[in-house]
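Let's take a walk through this fold, from its overall layout down to a few side chains. Have the model open and follow along.

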Amino acid sequence: MKISIAIADAASWYCAIVLLGLILLGSIKEISSSSTAEPFKGNQLLDRHCDEIYVVGEGETLHTISDKCGDPFIVERNPHIHDPDDVFPGLVIKITPSKPRKLLR
C-alpha cells in the first residue's frame, strides 16, 4: 500500500514538473514570436487592407480612411463616432466600400 502511494506521489510530481515546463516553454515561444510583429507606421498604412471591421491606425483620419477604403459614409454607419475630428488609434469602425480601393501613392 505504501509503495503504491509513493509511486502515485512521484507520478503526480513528475506530471506537475512536466506541465510547468510546457507552460514556461509556451510562454517563452509566445514572447519571442510576438516581438517580431511591428506596428504599422508611415507608408505602411497605405498597404493595410480595408476589411469590414477596421481599426484606426496612428496618423489616420476619417477622410484618409474614406479615400483609401472607398466609403464616404463612415460617420453615418458608425453611430459611436460623435465627432468626426475625434478619431484616435485603436478606434474600431465599420467600413462598407462602395467603390474599389484606391492607393494613395
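Read along the sequence, the pattern here is α-β-α-α-β, which comes to 3 helices and 2 strands. Helices and strands are DSSP runs (H or I, at least four residues, for a helix; E, at least two, for a strand), numbered from the N terminus. Keep in mind that this is a predicted model: local features need pLDDT of at least 70, side-chain atom pairs count only at pLDDT 80 or more, and totals for chains, interfaces and linings use all residues. Residues are numbered from 1 along each chain as its sequence is written, and side-chain values use heavy atoms, with hydrogens and water left out.

Of the 105 residues, 21% are buried, where buried means under 20% relative accessible area, exposed over 50%, and partly exposed in between (1.4 Å probe, protein chains only). Take the contacts (heavy atoms within 4.5 Å) between residues at least 6 apart in sequence: 54% of them join residues at least 24 apart.

Start with helix H1, residues 2-34, where you'll find Leu-22. Leu-22 counts as exposed because its relative accessibility is 54%. Together with Tyr-14, Val-18 and Leu-25, Leu-22 makes a nonpolar surface patch of about 440 Å². Patches take residues with over 30% relative accessible area and no salt bridge, joining like charges within 9 Å and nonpolar side chains (Val, Leu, Ile, Met, Phe, Trp, Tyr) within 5 Å. An α-helix has 3.6 residues a turn, so residues three or four places apart point the same way.

Now for the inside. The largest nonpolar core has 12 residues: Cys-50, Tyr-54, Val-56, Leu-62, Ile-65, Cys-69, Ile-74, Ile-81, Val-87, Leu-91, Ile-93 and Ile-95. Helix H2 (residues 62-69) gives the most to this core, with 3 residues. Such a core is a set of buried Ala, Val, Leu, Ile, Met, Phe, Trp, Tyr and Cys residues joined through side-chain atoms within 4.5 Å.

Just after H2, Gly-70 takes a positive phi of about 75 degrees.

So what does Lys-68 form a salt bridge with? The partner is Glu-60, with the closest N and O atoms 2.9 Å apart. A salt bridge is a side-chain nitrogen of Lys or Arg within 4 Å of a carboxyl oxygen of Asp or Glu. Lys-68 counts as buried because its relative accessible area is 3%, and Glu-60 is buried too, at 8%. Glu-60 sits in the loop between E1 and H2, and its side chain also reaches the backbone nitrogen of Gly-57 at 2.5 Å.

By this rule there are 2 salt bridges. In the Arg-77 and Asp-71 pair, the side chains meet at 2.4 Å, N to O. Here Arg-77 is partly exposed, with a relative accessible area of 31%, whereas Asp-71 is buried at 0%.

Methods:
Areas by Shrake-Rupley, 256 points an atom, 1.4 Å probe, with all protein chains shown as cover. Polar contact = N/O pair within 3.5 Å; in protein donor to acceptor, adjacent residues only side chain to side chain.
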